[in-house]
Amino acid sequence: MKILTYNSDNFWDQLEGHLSLREEDTSSKIEADVKSIIKDIKKYGDDKVIQFAKDFDKINLKKDEIKLSDLKKLYSLDKLNKETIESFRLAIKNIRNFHEKQFPSDYEILNMNAKLRSIWKPMDSVGLYVPGGSAVYPSSLIMSVVPAQIAGVKRIVCVTPPSNNFNPYIAFLLDELKVNEVYQIGGAQAIAALTYGTQTIKSVSKIFGPGNAYVTAAKKQVFGKVGIDLVAGPSEIIVVADEENNPEWVATDIMAQAEHDENAQSILITNSNTFANKVIEQIEKLKKTLSKKITVEISLKKNGLIVIMDDLKSSYKIINKIAPEHLHLQSKEKEIIFKNVNNAGGIFLGEYSTEAFGDYVAGTNHILPTSGAAKFSSGLGVIDFMKKNSVVEINQLSYENLSKHVVNISDVENLDAHKLSVTIRQTKQN
């Protein structure tokens, strides 16, 4: 892991240089390929869904197999680990409890006797992309479906790459969560199908869920025709810990993000060179037990960073600059730092609050902004599945109170029809 010293004259330039190494440059070839895939799905529908399944997923798919009509055939409850099922059900319960509090309230006010209302309504339909292949995340499925259900979305559609070995836990959760529309389609073609529809798949209003570079490029290209949640990048964490913390624990917090992806970013901010070296020693020791040891090694070599600073109370300046997806404050100054942090996706306070609790069972949402997007966006929640309407109701009294002000402003903007639409009502027609 690269080491920077906060007190060095060019610290901020060095930090900027390190962060820029992760900036994703989607190749022009990917953009062109995605554009072609979207065009083909839009024009040929199911025929191209079937062809792309063969070309990209090596699956011979029939038209009547695009939709998974019976999820129970894809898993056997008796063959699933009973304790794991309990854990998933607990996760659903806790996530539901936390997100139910996010449901927004309507309100009504009077402005000079004009009745104004703000009302929230669920979207008609949403599409949830569920990755397949090497990256299977049942927890992300829960994180998307539960807030959509709380919002009141009537039509929730899941798409996932076709497979001869459908993940049984994904199948179980789709069934458990009562998701009725599930389609075997992945990649950019799934995003295109959700946007424009095919003979089998009806279009949706907004698309959610992470995916590979092709999925991300497709979401960017269809945005405007449909809504998208966010452009997800590799996972990130900043851990703030001091010499009184447990280096073993901190090492695992660092590795827990690094194992996601070779491009994941794990940063430790500490006030002790000795402690930093102890964490590195523990990483070297503990990574040997990990199934994704190579991924951890590459991630930490490419993007891992340790920042040494004398006073951790000032670490919020670095945190707000980076705006990490995850922030774990473990040092004794954690409350002081926390009060000054403005830019972070999910924040974890205290040495026991390892980020994995947020990933799975605590109840918060783990779909969070990455790549600095925490400066202007938030983690996924109920409101992301809803839209707000404003309602204006003018009666004769509020008309008399407000009409002259509309006339004055429309004169400045030279919009005569605006003015006329008000003045024409001065004499009520019976």
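## The cavity

One cavity of 30 Å³ or more turns up when the whole structure is searched. The structure is a predicted model. The largest cavity holds about 50 Å³ of space.

Its lining is made up of Leu128, Tyr129, Val130, Pro131, Ser140, Leu141, Ser144, Phe208, Gly209 and Pro210. Strand E4 (125–129) and helix H5 (138–151) are the elements that each give two or more residues to this lining. H5 gives the most, with three residues. Sorted by class, the lining of the largest cavity has seven nonpolar residues, three polar ones and no charged ones.

## The largest nonpolar core

The largest nonpolar core has 41 residues. Val126, Leu128, Leu141, Ile142, Cys158, Leu174 and Phe385 are the members that touch the most other members. Two or more residues of this core come from each of helix H4 (82–100), E4, H5, strand E5 (155–160) and helix H6 (168–176). H5 supplies the largest share, eight residues.

Leu128 and Leu141 are among the members of this core with the most contacts to other members, and Leu128 and Leu141 also belong to the lining of the largest cavity.

Leaving aside residues up to four places away in sequence, Val126 touches Ala148, Val153, Arg155, Ile156, Val157, Val204, Lys206, Phe208 and Phe385. One of these residues, Phe208, also lines the largest cavity. Phe385, also touched by Val126, is listed with Val126 among the core members that touch the most other members.

Another core, of 30 residues, lies apart from the largest one. Among its members are Ile41, Tyr129, Val215 and Ala218. Tyr129 is also one of the residues lining the largest cavity.

## The protein as a whole

The protein contains 16 helices and 14 strands. Taken along the principal axes, its C-alpha atoms fill a box of roughly 85 × 60 × 45 Å. The protein has 430 residues, and buried residues make up 47% of them.

Among contacts with a separation of 6 or more, 74% join residues 24 or more positions apart. The protein exposes about 22500 Å², of which carbon and sulfur atoms supply 49%.

Terms used. Residues numbered from 1 in each chain as written. Predicted model: local features only at pLDDT ≥ 70, side-chain atom pairs only at ≥ 80, totals over all residues. Heavy atoms only, no water. 1 Å grid on protein atoms, 1.4 Å probe; cavity = no way out; pocket = protein on both sides within 12 Å on 5 of 7 lines; lining within 4 Å. Points joined across faces, edges and corners; volume = space filled by probe spheres on them. Helix = DSSP H or I, 4+ residues; strand = E, 2+ residues; numbered from the N terminus. Nonpolar A, V, L, I, M, F, W, Y, C, P; charged D, E, K, R; others polar. Buried < 20%, exposed > 50% of the residue type's maximum accessible area, 1.4 Å probe, protein only. Contact = heavy atoms within 4.5 Å. Areas by Shrake-Rupley, 256 points an atom, 1.4 Å probe, with all protein chains shown as cover. Core = buried A, V, L, I, M, F, W, Y, C linked by side-chain atoms within 4.5 Å.
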